[in-house]
Amino acid sequence: MTTIREVVVASDPTNHDALVGRVDASRFLIGGPDGAGHVSPGPNPYDLLCASLAACTAMTVRFQARRRQLPLERVEVGVSFRHGPPGERDSFERTLVLQGELDVQQRAFLLEAANLCPVGELLGISADIHTRPDATTSTHNASTQASYEDDLAQLPIPNITPD
């Protein structure tokens, strides 16, 4: 039976109302604007989203390498999030660094395995995910780096006047 885990995020009155996330016994700060003109330290929600994709990708690649007994010594995954041009989909740029005595076919297999990660499958419903090995350059220059703070500032929050 699978236990359902819940991530809880709450303000911490003992730490200037900073947001703190927790999963079981793990705790982590969540950064971003606090509504009073300050930016709290820590990864913002876009950073956490990118970290989720990077972690899932690394776990999937590592799992497949072990399953196939490939000589993968180290995997490193970098992920950034970008807004697409108006009317187009947003995208994640994912860079995969594979270290070890891997041949061309093994590297290609692990690059393809990266596309099988469950978080990537979920995020791919509403955004494109471009995966490239570290040695190449990105071909997606038309997009702009996503800023959580800028997107939050653009939310259509109604002007509420007291009665």
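I take patches as made of residues with over 30% relative accessible area and no salt bridge, where like charges are joined within 9 Å and nonpolar side chains (Val, Leu, Ile, Met, Phe, Trp, Tyr) within 5 Å. A salt bridge here is a side-chain nitrogen of Lys or Arg within 4 Å of a carboxyl oxygen of Asp or Glu. Areas are Shrake-Rupley values with a 1.4 Å probe, and for residues only the protein chains shown count as cover.

The model is predicted: local features need pLDDT of at least 70, side-chain atom pairs count only at pLDDT 80 or more, and totals for chains, interfaces and linings use all residues. Residues are numbered from 1 along each chain as its sequence is written, and side-chain values use heavy atoms, leaving out hydrogens and water.

Patch. I found V7, V9 and L19 making a nonpolar surface patch of about 240 Å². L19 sits in strand β2 (residues 18-23); strands are DSSP runs of E, at least two residues, and helices are runs of H or I, at least four, numbered from the N terminus. L19 has 37% relative accessibility, so I list L19 as partly exposed (between buried, under 20%, and exposed, over 50%; 1.4 Å probe, protein chains only).

Layout. I noted 4 helices and 9 strands.
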